[in-house]
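I opened my notebook to record, step by step, what I looked up in this structure.

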Amino acid sequence: MIDQVMKSVIDPTFMVALVVAVAVFVTVFTALPAMGGNPLKARMKSVALEREELRAKQRMRLAAEADRRRKGLREEQSHGMRRIVERLDLKRALADEATLSKLKMAGFRGQNPLTKFLFFRLVLPAVGLALGIFYIFVFGLLPDQPLFIKAFVCVLLAYAGFYAPVLYISNRATKRKASIQRAWPDALDLMLICVESGISVEAAFRRVADEIGAQSVELAEEFVLTNAELSFLQERRQAYENLANRTGLDSVKSVTQALIQAERYGTPVAHALRVLSAESRDMRMNEAEKKAAALPPKLTVPMILFFLPVLFAVILGPAGIQVSQQGVFGN
């Protein structure tokens, strides 16, 4: 058997066939990339298609959100809430300029969100008080406590219901400002590129809104709204000031001031945007460094409570087992 295999291997016909097979394989392997086309072009084409798909989805999402808010302002406004708020004149009693600014920072604009905010501030204290009385005096939630403590808990629940809408608006405003702050340096870079290429400020706002929407929907919404205000407001300065007031960020305010000065005195916008973009990136890096520096003190208590006991058990456990075994054997 081995002799026949050796004869077949040494046979010239077999050697020629093997060489031809190897040559054909190498030729096909070498020509395959050329036959398949340029892989870089294919990858770039796929990336471009994916990017266009993301842009289309983002535009659809922004359009749907705009339609929803338009319907909320025109069609879905509750007449009952508005009637109660107007009859009790809650706007004068519970709303001021700070409240309106907070609602704008949270992304709620128009009369309908303000009406709902005032209505819930009126209703939730009564709801909290009713729930407290129901659970405490009907179900006996605090049976061992005196009447004064029970009444105090009920009043505390009513007080929490009164301030619950304020806390909700503050939380929404904080999250929205954080989203805008993260995407703001990138938006400034894109705006700088648009301005240096000769695009107007209005077109730059619109273009950056389309690009930055995948990173921050809130910032894209603000840019679209600013673009609309630049088109129909009598003074462009008012549109820039509205952008700063809606976001509530110092970095945005500095950029709007630079744009106002450029509109008034004719100073170049590109240089100001370049400097402010660098400052925004430095501020974002400083915030990251602050969080990193604050991490060791925050880890102190979890390390003491969770890591050190386990470490001591791993280190001293074998020694304790040996001591206990020796004591048992010694006895």
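My entries on this structure follow, from the whole chain to single residues.

**Entry 1: ground rules.** I noted that this is a predicted model, in which local features need pLDDT of at least 70 and side-chain atom pairs count only at pLDDT 80 or more, while totals for chains, interfaces and linings use all residues. Residues are numbered from 1 along each chain as its sequence is written, and side-chain values use heavy atoms, with hydrogens and water left out.

**Entry 2: the whole chain.** I looked up the secondary structure and found 14 helices and zero strands in the protein chain; here helices (H or I, at least four residues) and strands (E, at least two) are DSSP runs, numbered from the N terminus. I then asked how much of the chain is buried, and the answer is 26% of the 331 residues, where buried means under 20% relative accessible area, exposed over 50%, and partly exposed in between, with a 1.4 Å probe and protein chains only. Of the contacts (heavy atoms within 4.5 Å) with a separation of 6 or more, 67% are between residues 24 or more positions apart.

**Entry 3: helix α13.** I followed α13 over residues 269-293 and found 25 residues that reach 36 Å from the first C-alpha to the last, close to the 36 Å expected at 1.5 Å a residue; the expected span is 1.5 Å times one less than the number of residues. Its buried residues are V269, A270, L273, L276, S277 and S280, and what covers them includes α8 (147-196) and α12 (250-265).

**Entry 4: α12 against α13.** I learned that two packed helices are described by the angle between their axes and the distance between the axes. Axes are lines fitted to C-alpha atoms, for helices over the stretch in contact, and angles run from 0 to 180 degrees between N-to-C directions. For α12 and α13 the angle is about 170° and the axes are 10 Å apart, so the two helices are roughly antiparallel. Angles under 35 degrees count as roughly parallel, over 145 as roughly antiparallel, 65 to 115 as roughly perpendicular and the rest as oblique. I listed S251, S254, V255, A258, L259 and A262 of α12 as meeting V269, A272, L273, L276 and S280 of α13. By class this contact has eight nonpolar, three polar and no charged residues, with Ala, Val, Leu, Ile, Met, Phe, Trp, Tyr, Cys and Pro counted as nonpolar, Asp, Glu, Lys and Arg as charged, and the others, Gly among them, as polar.

**Entry 5: α4 against α7.** I found that the axes of α4 (residues 79-88) and α7 (residues 111-138) come within 9 Å and cross at roughly 70°, and these helices are therefore roughly perpendicular to each other. The contact is made by M81, R82, I84, V85 and L88 of α4 and T115, K116, L118, F119, F120 and L122 of α7, and its residues divide into eight nonpolar, one polar and two charged.

**Entry 6: single residues.** I looked up F117, which lies in α7 and counts as buried at 7% relative accessibility. Leaving out residues up to four places away in sequence, F117 touches T99, L103, P165, V166 and I169. L157, in helix α8, is partly exposed at 37%.

**Entry 7: cysteines.** I searched the whole structure for disulfides (pairs of cysteine sulfur atoms within 2.5 Å) and found zero. C154 is buried at 3% relative accessibility, and C194 is buried at 9%.
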